Amino acid sequence: MASKVELSVEVKSPADKLWTALRDSTDLFPKIFPQQYKSIETVEGDGKSAGTVRLLKYTEGVPMVTFAKEKVEVADDEKKVVSYSVVDGELVSFYKNFRVTLQVVPKGGEDGAGAVVNWTMEFDKVSEQIPEPDVIKETAAKTFHDLDDYLLKN
């Protein structure tokens with residue numbers, strides 16, 4: 001049976017700026033989060049649209065995983081929604097299905113500042129002994145906050 005975990009993170013950056021940074025994560029994340037990512041590379045597709053497959057290599061400090069391959073299922077720049085499934089890596093041995101969807105929603109301030117990132121993780125554990133992927137939710141929350149801090153300074 002599928003499980004679902006949701007997270008909403010408020011940020012100060014404008015929605016468009018945050019969305020652009022998230023869509024450029026292949027290049028941007030290894031530069032601004034070297035403690036998490038050794039590299040991110042596009043192995044199939046154009047790097048952004050549905051069907052794209054990316055290979056993420058994590059540093060030794062990241063728990064549970066050394067790499068993941070994710071396939072973009074949905075990419076909608078107008079609605080600022082992206083969804084991807086993990087198709088290879090350690091997570092596949094823990095979870096039969098593992099899909100993340102995120103949407104950036106403007107907060108609607110007069111100056112255009114501020115947004116909310118709505119992040120959803122859906123997964124099926126291989127067995128009941130497999131722990132909940134709480135560390136992934138915590139990492140996502142930290143990444144959104146750290147990305148916001150970076151964007152406010154750059």
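This is a predicted model: local features need pLDDT of at least 70, side-chain atom pairs count only at pLDDT 80 or more; totals for chains, interfaces and linings use all residues.

Visitor: Where is Thr59 placed?

Guide: Thr59 sits in the loop between strand 3 (53-58) and strand 4 (67-76).

Visitor: Is Thr59 buried or exposed, and why?

Guide: Thr59 counts as buried because its relative accessibility is 12%, and buried means under 20%.

Visitor: Which residues is Thr59 in contact with, leaving aside its neighbours within four places in sequence?

Guide: Those contacts are Pro34, Gln35, Gln36, Tyr37 and Lys38.

Visitor: Let us change topic. How many salt bridges are there?

Guide: The count comes to 8 salt bridges. One of them joins the side chains of Lys80 and Asp16, at 2.8 Å from N to O. This pair links distant parts of the chain, 64 residues apart: Lys80 is in the loop between strand 4 and strand 5 (81-89), and Asp16 is in helix 1 (residues 15-23).

Visitor: And Lys80, buried or exposed?

Guide: Lys80 is buried, as its relative accessible area is 12%.

Visitor: Why can such side chains pair at all?

Guide: Side chains of opposite charge can pair when their charged atoms come close.

Visitor: Which side chain does Asp77 meet in a salt bridge?

Guide: Asp77 meets the side chain of Arg23, with a distance of 2.9 Å from N to O.

Visitor: How do the two partners stand for accessibility: what is the relative accessible area of Asp77, and what is that of Arg23?

Guide: Asp77 has a relative accessible area of 45% and is therefore partly exposed. Arg23, with 12%, is buried.

Visitor: What does Asp24 form with Lys48?

Guide: Asp24 and Lys48 form a salt bridge, in which the closest N and O atoms are 2.7 Å apart. Asp24 lies in the loop between helix 1 and helix 2 (25-32), and Lys48 lies in the loop between strand 2 (37-44) and strand 3, so the pair ties together parts 24 residues apart in sequence.

Visitor: Are Asp24 and Lys48 buried, partly exposed or exposed?

Guide: Asp24 is partly exposed, with a relative accessible area of 31%. Lys48 also counts as partly exposed, at 34% relative accessibility.

Methods. Residues are numbered from 1 along each chain as its sequence is written. Side-chain values use heavy atoms; hydrogens and water are left out. Helices (H or I, at least four residues) and strands (E, at least two) are DSSP runs, numbered from the N terminus. Buried means under 20% relative accessible area, exposed over 50%, partly exposed in between (1.4 Å probe, protein chains only). Contact means heavy atoms within 4.5 Å. A salt bridge is a side-chain nitrogen of Lys or Arg within 4 Å of a carboxyl oxygen of Asp or Glu.
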